[in-house]
Amino acid sequence: MPIGNTVTAAGRLLDTVSLACRTVAILLLALMFVLVFGQVVGRNVFDLGMPWADEFARFSGIGVVFLCVPLLALRGQHVAVDLVPMMLPRHLRRYAHAFVEIAVLVFCMLTLYGFQSFLSRAGKFATPAIGMPNWLFYAPALLSFVLLLLVAVVRLAGIFSDPASGKDGAPS
């Protein structure tokens, strides 16, 4: 199978997984709203503290932020500063975009290494209010970085395998 078809198939699979992550993030956003609203009502109306709701809301916040990152990156909708690549001649833009994807790869690898170091110690403990294991609490962020690394690999492969990306140097 040619590399272009492999990249496209991997991109479609990553798109499907990323859409599932976005759906989970939307559900976590709704959960976070309910939890924060419940905390406010509980404190102000019933004089009731709910520390477990605060932990679930923080977990939801982590999930909302991190689970949407792979989809945005895959679709090229994440934060991008393209001033320098746009100033380059068309034939050099491809290399500038490749440099960015390589930087994302390195960032992901360093972050995943940091996660391994952190969770090897902290993963043995649980959150104080609900007793959720720390490895599960940070799982959305960990999953996000694994997916982001795969997205960067697919985008990098797409930069050099897709002849259409050579028109303006931008990844497809």
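Q: What makes the place of L83 a helix, and which one is it?
A: L83 is in helix α3, residues 83-87. Helices are DSSP runs of H or I with at least four residues, strands are runs of E with at least two, and both are numbered from the N terminus. The model is predicted, so local features need pLDDT of at least 70 and side-chain atom pairs count only at pLDDT 80 or more, while totals for chains, interfaces and linings use all residues. Residues are numbered from 1 along each chain as its sequence is written, and side-chain values use heavy atoms, with hydrogens and water left out.

Q: How many helices and strands does the protein chain have?
A: There are 6 helices and 0 strands. From the N terminus on, the order reads α-α-α-α-α-α.

Q: Why is L83 called exposed?
A: Its relative accessible area is 56%. Buried means under 20%, exposed over 50%, and partly exposed in between (1.4 Å probe, protein chains only). So L83 counts as exposed.

Q: What makes V81, L83, V84 and M87 a patch?
A: They form a nonpolar patch on the surface, with about 480 Å² of accessible area together. Patch residues have over 30% relative accessible area and no salt bridge; nonpolar side chains (Val, Leu, Ile, Met, Phe, Trp, Tyr) are joined within 5 Å, and like charges within 9 Å. Accessible areas come from the Shrake-Rupley method with a 1.4 Å probe, and for residues only the protein chains shown count as cover.

Q: What is the accessible surface of the protein chain?
A: The total is about 10400 Å². Carbon and sulfur atoms account for 73% of that surface. Of the 172 residues, 35% count as buried.

Q: Are C68 and C108 buried, or partly exposed?
A: C68 is partly exposed, because its relative accessibility is 23%. C108 is buried, because its relative accessible area is 0%.

Q: What makes R75 and D15 a salt bridge?
A: The rule asks for a side-chain nitrogen of Lys or Arg within 4 Å of a carboxyl oxygen of Asp or Glu. Here the N to O distance is 3.3 Å, and the side chains meet in a salt bridge. R75 lies in the loop between α2 (51-74) and α3, and D15 lies in helix α1 (residues 3-44), so the pair ties together parts 60 residues apart in sequence. R75 is partly exposed at 39%. D15 is partly exposed at 22%.

Q: Which other pairs count as salt bridges?
A: The structure holds 3 salt bridges. D54 pairs with R58, with closest N and O atoms 3.2 Å apart. These two are 4 residues apart in helix α2, about one helical turn. E101 pairs with R155, with closest N and O atoms 2.8 Å apart. That pair links distant parts of the chain: E101 is in helix α4 (residues 90-122), R155 in helix α6 (residues 139-161), and they are 54 residues apart.

Q: Why are E101 and R155 called buried?
A: E101 has 8% relative accessibility, so E101 counts as buried. R155 has 14%, so R155 counts as buried too.

Q: What is the phi of D47, and where is D47?
A: Most residues other than glycine have a negative phi. D47 has a positive phi, near 50°, and is not a glycine. D47 sits in the loop between α1 and α2. D47 is exposed, because its relative accessibility is 72%.

Q: Which residues does L28 touch?
A: Contact means heavy atoms within 4.5 Å. L28 touches F59, S60, G63, V64 and L67, not counting residues up to four places away in sequence. L28 is in helix α1 and is buried at 11%.
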